Amino acid sequence: MKYSPAPRRLCDPPIPVTVDLGRAFARTPRSARQGLALRVKAEALHLSDSVPGLLHAWVRTTAGDWIALCEIDLHTGNGNGAMRVRQWCPSGSITPRDVQPR
């Protein structure tokens, strides 16, 4: 049986987007506290900015929401480290990004 619209959509080639990390990653009450050690603030991942990324796919959840598979670079608080990840992000955390030709 085919569904319309399809519950999965691949983006090939990937689409440039901006990901609002504050909306993409849920915070716990503990993470809202200000009393963290400076080492944690410096070396842990910074998840409150918006970052450029690539949208690889959309998938619909059983609740009817759409989530996006995005490839993004997450940076540490001090900016000295980074990690590239593919992350499922809620649709409200993704916006299209204009890319200017070089």
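Predicted model: local features only at pLDDT ≥ 70, side-chain atom pairs only at ≥ 80, totals over all residues.
Ser93 lies in the loop that runs between β4 (82-90) and β5 (94-96). Its relative accessible area is 2%, and because buried means under 20%, Ser93 is classed as buried. The side chain of Ser93 reaches the backbone oxygen of Pro90 at a distance of 2.7 Å. When neighbours within four places in sequence are left aside, Ser93 is in contact with Thr18, Val19, Asp20, Arg23 and Ala24.

One of these contacts, Val19, also belongs to the largest nonpolar core, a set of 15 residues in which Val19, Leu21, Cys70, Ile72 and Ile94 touch the most other members. At least two residues of this core are supplied by each of β1 (8-20), α1 (21-24), β2 (50-60), β3 (66-75) and β4, and β3 gives the most, with four residues. In soluble globular proteins, nonpolar side chains tend to be buried together. With neighbours within four places in sequence again left aside, the contacts of Val19 include Cys70, Ile72 and Ile94, and among the others are Ala24, Asp49, Ser50, Val51, Cys89 and Ser93.

Val99, by contrast, is found in the segment after β5. Its relative accessible area is 52%, and because exposed means over 50%, Val99 is classed as exposed. Although Val99 and Ile15 are 84 residues apart in sequence, the C-alpha to C-alpha distance between Val99 and Ile15 is 9.8 Å.

Methods. Residues numbered from 1 in each chain as written. Heavy atoms only, no water. Buried < 20%, exposed > 50% of the residue type's maximum accessible area, 1.4 Å probe, protein only. Polar contact = N/O pair within 3.5 Å; in protein donor to acceptor, adjacent residues only side chain to side chain. Contact = heavy atoms within 4.5 Å. Core = buried A, V, L, I, M, F, W, Y, C linked by side-chain atoms within 4.5 Å.
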